[in-house]
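Subject: Structure handover

Hello,

Here is the structure I said I would pass on. My notes on it follow below.

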Amino acid sequence: MEKTLLYYKGGEFLAHKGWHHRRMYHKGDYELILCIKGPIYLQIGDMRYTLNAHEVLIIPPFTTFYGYQDSPGDVDFYWVHFFSQHKEDTLEADEGDLTEQVKANKNTAKKRQIFLPRTFKLDDYEQATILIHQILSIHNELSFIEERDYLVSALLIQLYKSYFNRPDSSEDSSRINNLKEWIRANMSSTLTVAEIADRSHLNPDYLTRLFKHCTGMTTLQYLNHVKIEVAILLLIRTDMSIKQIADNSYFNDPKVFMRRFKSETGLSPTEYRKSYNLIHLNNPHVDPQIPIPKRIADSIDYIPENGDIPE
């Protein structure tokens with residue numbers, strides 16, 4: 001990660017029952033797929049993958065891939081193509097050993113490296129969904145191109161952190177992660193820190209210290225963060241009114257919702273929706289193949305044009 005990744009193209013793909021991915025070949029770009037609704041059946045080289053909701057798949061360069069089976073229902077996924085300004089290595093490693101190695105080196109210069117498995121499930125898919133939406137919503141004018149490069153780099157770093165920060169076996173981390181799941185499952189407009197503490201059989205002050213230690217947020221901050229995260233997903237993926245979104249993200253008062261939303265994001269809910277809701281949608285009849293932008297071709301001299309499988 002000494003240099004940014006280079007954004008190429010992306011969008012959201014929607015298809016009905018019976019669709020499968022056509023055969024393609026990546027000559028120099030990576031493709032990142034985040035499944036919203038699946039399953040999606042993809043074969044990369046000799047390996048077959050079944051991608052379900054909230055799972056990520058990374059397709060490497062110089063690879064043939066295709067759908068090996070029709071999806072039984074509707075599918076929905078985000079796709080983002082990008083180039084790297086470095087030549088990456090593919091490695092086979094024991095997951096536990098690599099996780100220990102990454103955590104042991106987190107405070108050294110090696111932290112500039114990131115490792116990701118080809119496919120994995122995202123526990124906190126909301127953050128990745130929001131970040132992808134931000135990437136895809138930026139207009140194509142030249143002045144915004146560099147911003148996309150940084151956001152794609154941030155996305156990969158976010159996925160890396162999400163993967164390697166999965167719950168460990170310590171008692172405190174396990175307790176907090178169980179509580180986080182309980183909070184999400186029992187979220188309501190009246191849920192309080194006292195109720196969460198009672199559920200965990202902990203003193204509220206001690207619970208807050210524990211939450212801060214494990215998540216970097218107090219219990220109340222996490223509670224509000226989850227509500228705002230729900231609101232953002234509803235803003236970018238539904239046509240609900242602002243009042244409906246306030247209700248469905250567990251705020252009793254729309255004015256309180258708007259005030260907290262602006263404090264968290266720097267934008268009003270309406271401004272946020274306008275800024276991050278202009279993404280490219282495609283379907284089986286629209287499959288964009290665009291030339292590699294000159295700024296990328298000039299940066300990486302070993303990459304030919306992307307496209308279909310060569311004859």
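In this protein, residues 24 or more positions apart account for 74% of the contacts with a separation of 6 or more. Please keep in mind that the model is predicted.

Overall make-up

The protein has 11 helices and 10 strands. Of its 311 residues, 42% are buried.

Nonpolar cores

In soluble globular proteins, nonpolar side chains tend to be buried together. The largest nonpolar core here has 28 residues. Within this core, the residues that touch the most other members are Leu32, Val56, Ile132, Val152, Leu155 and Leu159. Both strands and helices contribute: two or more residues come from each of strands E3 (30-37), E6 (55-59) and E8 (75-83), and from each of helices H1 (95-104), H2 (125-137) and H3 (145-164). Helix H3 gives the most, with 8 residues.

Leaving aside residues up to four places away in sequence, Leu159 touches Leu32, Val56, Leu116, Phe120, Leu122 and Ala128. There is also a second, separate core, made of 17 residues, and among them are Trp19, Met24, Ile33 and Leu42.

Two packed helices are described by the angle between their axes and the distance between the axes. Helix H5 covers residues 193-200 and helix H6 covers residues 204-215. Their axes lie 9 Å apart, at an angle of about 90°, and H5 and H6 are therefore roughly perpendicular to each other. On the H5 side the contact is made by Val193, Ile196, Ala197 and Ser200, and on the H6 side by Pro204, Leu207 and Thr208. Sorted by class, this contact has 5 nonpolar residues, 2 polar ones and no charged ones.

H6 also packs against helix H7 (residues 219-237), at an angle of about 65° and with the axes 8 Å apart. Here Leu207, Thr208, Phe211 and Lys212 of H6 meet Thr219, Gln221 and Tyr222 of H7. This contact of H6 with H7 has 3 nonpolar, 3 polar and 1 charged residues.

Regards

Conventions
Residues are numbered from 1 along each chain as its sequence is written. This is a predicted model: local features need pLDDT of at least 70, side-chain atom pairs count only at pLDDT 80 or more; totals for chains, interfaces and linings use all residues. Side-chain values use heavy atoms; hydrogens and water are left out. Axes are lines fitted to C-alpha atoms, for helices over the stretch in contact, and angles run from 0 to 180 degrees between N-to-C directions. Helices (H or I, at least four residues) and strands (E, at least two) are DSSP runs, numbered from the N terminus. Angles under 35 degrees count as roughly parallel, over 145 as roughly antiparallel, 65 to 115 as roughly perpendicular and the rest as oblique. Contact means heavy atoms within 4.5 Å. Ala, Val, Leu, Ile, Met, Phe, Trp, Tyr, Cys and Pro count as nonpolar, Asp, Glu, Lys and Arg as charged, and the others, Gly among them, as polar. Buried means under 20% relative accessible area, exposed over 50%, partly exposed in between (1.4 Å probe, protein chains only). A nonpolar core is a set of buried Ala, Val, Leu, Ile, Met, Phe, Trp, Tyr and Cys residues joined through side-chain atoms within 4.5 Å.
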